[in-house]
Amino acid sequence: MTTMRDHLLNRIAATGPITLADYMADCLLHPTLGYYTTRDPLGAAGDFTTAPEISQMFGELIGLSLAQAWIDQGQPAPFLLAEAGPGRGTLMADILRATRAVPGFHAAMQLHLIEASPVLRVKQHDTIARSDITWLDSIDALPDMPLFFVANEFFDALPIRQFVRDGAGWREKRVVADDGKLAFALGGAAPVAALSHRVADTKDSDLVEICPAAAGLAAEIGQRIETHGGAALIFDYGDWRSLGDTLQAVQTHETIGPLDAPGNSDLTAHVDFEALATATPSAYTRLTAQGVFLERLGITARAQALASKLAGKDLENLIAAHRRLTHPQEMGTLFKVIGFYPKSQTPPPGLDS
Ligand code: SAH
């Protein structure tokens, strides 16, 4: 059977060195050999755990923020409730449960999930358990109407390119075949238009990353929100502006080299939130730590309400989950959220302009 490594070595033999973006896209989403296309990687028994898998509180508070933004914008009907990269569907299931009591919200909503993995589409179908879900391959296939959008750890899975500063130009880091093995090598120095804003804040041999797909998606989401109304909440790890190599591979909760297990490890890079903000034609909020966002929306009160019904191991798990989602030494500070909203409206609750 052809492995992902064989496939990549054949591809490089045929076309020459490939960019990191080509490498990531193949490893994650190749139709028969890709990481996401062939498995459910989430949870304790899988490779990594995400915020919605830690506690229902994450999705509940996001649901209430989106529903309040919908109310603040005059309860447009119909509207799209959409998620990109929904994993097991846990976040959307929690959003739907938390918004059930919001008058008119479910009646006006059209549920859309943007998901590339057939395996995860089946999981989402089972978890969300509704007959009215539309799955799409890409955001540009969404119908034109107000868009209330969420994504958690989706943008970090989009393919990046890496460049090393060399004088006034940049050398791209590429994947090559070296003695039958995959290796990294730098291409020749050339000016790169997309990096002209990074000449002033970098020096020779600094490494910077760009994610062309992320900027394109942010522009698409923001254009819809500015034109039709709505809001987007985008959660991920990263910072306002990235510097340095953030490409990371994870397998069974351990960090490994990005070339060690192609197609069998998760590959991610930190999100450069400035690039999302620059790309959107809508208003955007200040970049906010996940812990701050969740505290503002009342996660501690919600945890206390849940705790009153629990004891023993369940209570310990709840306390640990609250800490994991919010504490600065856990996910509270590393993970951030940015919101998009129409220029004529107020930011979604939990965020400020
Ligand atoms: N949001 C979930 C899962 C994060 S993992 C959670 O927080 O648990 C990344 C998700 O994005 C997976 O569902 C993966 O299949 C999906 N994905 C990755 N790249 C994609 C792409 N280009 N288009 C659509 N879905 C993608």
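H8 itself runs over residues 212–228, 17 residues in all, and reaches 25 Å from its first C-alpha to its last, close to the 24 Å expected at 1.5 Å a residue. That expectation is 1.5 Å times one less than the number of residues. Helices (H or I, at least four residues) and strands (E, at least two) are DSSP runs, numbered from the N terminus.

## What the model is

This is a predicted model, with local features needing pLDDT of at least 70 and side-chain atom pairs counting only at pLDDT 80 or more, while totals for chains, interfaces and linings use all residues. Residues are numbered from 1 along each chain as its sequence is written, and side-chain values use heavy atoms, with hydrogens and water left out.

## Thr99 in helix H5

Thr99 belongs to helix H5 (residues 90–99) and is buried, at a relative accessible area of 0%. Leaving out residues up to four places away in sequence, Thr99 touches Gly63, Ala67, Phe105 and His106. With His106 there's also a side-chain polar contact of 2.9 Å (a pair of N or O atoms within 3.5 Å; within protein, one must be able to donate a hydrogen and the other to accept it, and residues adjacent in sequence count only if both atoms are side-chain atoms).

Most residues other than glycine have a negative phi, and most peptide bonds are trans. Here, a cis peptide bond joins Ala77 and Pro78, with omega about -5 degrees; Pro78 is in the loop between helix H4 (56–72) and strand E2 (79–84).

Ser205 isn't a glycine, yet its phi is positive, near 70 degrees. Its loop lies between strands E8 (181–190) and E9 (207–210), and Ser205 counts as exposed at 56% relative accessibility. Thr252, also not a glycine, has a positive phi of about 40 degrees. Thr252 sits in the loop between strands E11 (248–251) and E12 (254–256) and is exposed at 51%.

Terms used:
Buried means under 20% relative accessible area, exposed over 50%, partly exposed in between (1.4 Å probe, protein chains only). Contact means heavy atoms within 4.5 Å.
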